[in-house]
Amino acid sequence: MPLVFGWIYLVRRFRFGAVKLALYGLSPLNGCFLELMEINMRKKYTNRFYLHSLCFLFVWWLLPMERSFALVVLQYHHVSTESPAATSVSPERFAQHMDWLEQNQYQIMPMGELIKLLREKKELPDKTAVITFDDGYTSIYTNAWPVLRKRGWPFSVFVNSQHHDEKNRQYMSWEQLREMAKTGVTIGNHSVSHAHMIRMNPGEAETEWLKRSQWEIEQAQSRIDAEVGRQEKVFAYPFGEHNRQLEKLLRKLGYIAFAQHSGPLAPFDDSVVLPRFPFGGNYGDIKDFALKASSLPMPLDEVLLLDDKKRPLTDVLLQDKAAKVSLAIKADENFLQRISCFYRGEPAAAAIRDGQLIISTFGAIPAGRSKFNCTAPEKGRFYWFAKMLIKKNEDGSWYRE
Ligand SMILES: [Zn+2]
C-alpha cells in the first residue's frame with residue numbers, strides 16, 4: 001500500500017516518464033537518486049531540502065518492507081480422520097490451510113533453499129512458508145501429497161528409519177518416500193527409533209548416551225541417503241525434546257534442527273533450535289492458521305531464561321528442581337509494553353524492570369514439556385515468540401507420555 005501511494009504521489013508531483021517509472025520499479029533507490037541528480041542538474045526546483053527529505057522518507061518507508069523476515073515453518077503429522085486427533089488434521093482442514101496460503105499469495109519454499117539462506121545468514125522473505133510432516137505416516141502420501149503436488153509445492157517429511165525398515169504399515173514404504181523424493185520432496189531425519197533422545201538409560205554414562213544419540217542421528221541419515229538418495233542434513237527432534245548437549249552434537253554434525261515451539265523464524269534463532277507451528281487437535285481452525293501463518297518474528301534484543309535466583313539457565317531441560325523460572329526479554333521499551341505472554345495457555349505474570357520484561361509462571365514448573373508463548377499485535381498481524389521448558393519428575397524419574 002505505501003508503495004502505491006508513493007508512486008501516485010511521485011507521478012503526480014514530478015510527471016514521471018515511463019523510463020523513470022521503470023527505474024523506480026526496479027529499485028526505489030535508483031529512481032530516487034536519478035530524480036535527485038536531475039533536480040540538481042536543472043536547478044529547477046528551489047526547495048531542494050524538501051525534495052531530498054521526501055525522497056529519503058520514501059526510501060526509508062520502503063526499506064522495512066524489503067527487509068522483513070517472517071518465514072513460517074508449518075508442522076503436521078497425520079492428515080486423516082482415522083488417526084489420533086491430537087496429532088491429526090482432517091484432509092478438509094489441510095486443504096483449507098493450503099487454499100489460504102494460495103489465496104494469500106504465499107511462496108512455498110523448499111527445505112534446501114531455507115537451509116541455504118540460514119547457512120548464509122541471509123534475510124528470510126515475508127509471506128513465505130515451509131511445509132513439514134513428522135513421522136512419515138501413510139496419510140501424507142495418500143491425502144497430503146495430492147493437494148501439494150497439484151500446486152507443485154515442495155515439502156519435507158521427517159522420518160524414523162526403523163519404521164520404514166520394519167515395513168510397518170502405518171508408515172510410508174521406502175518406495176513411496178523414494179517416489180516423493182524424485183519430485184523434489186525432502187526426506188529429513190527424525191532419528192532411527194523416535195526415542196526420547198534427551199533421556200539417558202538407567203546406569204548409562206553421559207559419554208555412552210552421547211554415542212547412542214550420535215548413532216540415532218547418523219544411522220538414520222545413512223539409511224535415508226541409501227534408500228532415497230542423498231538428502232539435506234536436516235533434523236527434527238522426536239517429541240520436540242532437546243537439551244544443550246544434543247544441540248551441540250547436531251551443530252557439530254552439521255545439521256539444521258527443528259523443535260516444536262511455535263513462532264516464525266527469527267534472526268536470533270539458534271539454527272539447531274528452530275521453531276515450527278504444529279497443527280493438530282484443537283489447533284488449526286482457519287482463524288488460528290491465518291494468525292500463525294501471518295505471524296512476525298518479535299524484534300527482541302536478548303532473551304534469557306533465569307532460575308528462581310535470577311541466574312541465567314543455558315538449557316531448556318531444567319537440571320535441578322528449579323521451582324520457578326522466568327524469561328527476561330530485552331527490546332525497545334515501548335515495544336515491551338505491547339507484549340502479552342502465556343504459560344501453558346494461562347496468562348503469565350509480567351513486569352518491566354530495568355528496561356527488561358520479566359515473565360514468570362505463577363506456580364512451580366510441572367514435570368513434562370511446557371511452553372511460554374508471547375505475542376504482540378501489529379497492524380492485523382501478530383509478533384510471536386515461544387520458549388519451551390522440559391522438567392523431570394520431582395524424584396528425578398522421567399514423566400510418562
Ligand atoms: Zn515425531
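Q: What is the strand order in the open sheet of five strands?
A: The order is 13-12-15-19-18, with antiparallel pairing. Strands here are DSSP E runs of at least two residues and helices are H or I runs of at least four, numbered from the N terminus. Two strands pair if DSSP finds at least two bridges between them.

Q: Before we go on, what kind of model is this?
A: The model is predicted: local features need pLDDT of at least 70, side-chain atom pairs count only at pLDDT 80 or more, and totals for chains, interfaces and linings use all residues. Residues are numbered from 1 along each chain as its sequence is written.

Q: How many residues of strand 18 are buried?
A: Zero of its five residues, so strand 18 lies largely in the open. Buried means that 20 or more other C-beta atoms lie within 10 Å of the residue's own, exposed means 12 or fewer, and partly exposed is in between, with C-beta atoms placed from the backbone.

Q: And how many bridges join strand 18 to strand 19?
A: Five, and the two strands run antiparallel. Arg353 stands opposite Gln356 in strand 19. The hairpin of these strands has two residues between them, and Asp354 there takes a positive phi near 50 degrees.

Q: What about strand 15 and strand 19?
A: Strand 15 (residues 326-330) and strand 19 (residues 356-360) pair in the antiparallel sense over five bridges. Ser326 has Ser360 in strand 19 as its bridge partner.

Q: Changing topic: how many residues does the largest nonpolar core have?
A: The core has 87 residues, and those with the most contacts inside it are Leu74, Ala129, Ile140 and Ala257. A nonpolar core is a set of buried Ala, Val, Leu, Ile, Met, Phe, Trp, Tyr and Cys residues joined through C-beta atoms within 7 Å.

Q: Which strand gives the most to this core?
A: Strand 21 (residues 381-391), with six residues. Domain 2 (72-297) and domain 3 (302-391) both give residues to the core, so it lies between them. The domain bounds come from an automatic or database domain assignment.

Q: What does Leu74 touch?
A: Not counting residues up to four places away in sequence, Leu74 touches Ala129, Ile131, Thr132, Arg276, Phe277 and Phe279. Contact means C-beta atoms, placed from the backbone, within 7 Å.

Q: Next, Trp153. Where does it lie?
A: Trp153 lies in the loop between helix 7 (138-149) and strand 6 (156-159).

Q: Buried or exposed?
A: Trp153 counts as buried because it has 20 C-beta neighbours inside 10 Å. Leaving aside neighbours within four places in sequence, its contacts are Ile108, Ile131 and Leu148. The C-alpha atoms of Trp153 and Met109 are separated by 8.0 Å, with the two residues 44 apart along the chain.

Q: Last one, helix 11. Which residues are buried there?
A: In helix 11 (residues 244-252), Leu246, Glu247 and Leu250 are buried. They cover an arc of only 100 degrees around the axis, which puts them on the same side of helix 11. That arc is taken from the directions from the helix axis to the C-beta atoms.

Q: What covers them, and what is on the face turned away?
A: The cover includes helix 10 (206-228), strand 8 (234-236) and strand 9 (256-258). The face turned away from the buried side carries the exposed residues Lys248 and Lys252.

Definitions and conventions
Two residues are in contact if their C-beta atoms, placed from the backbone, lie within 7 Å.
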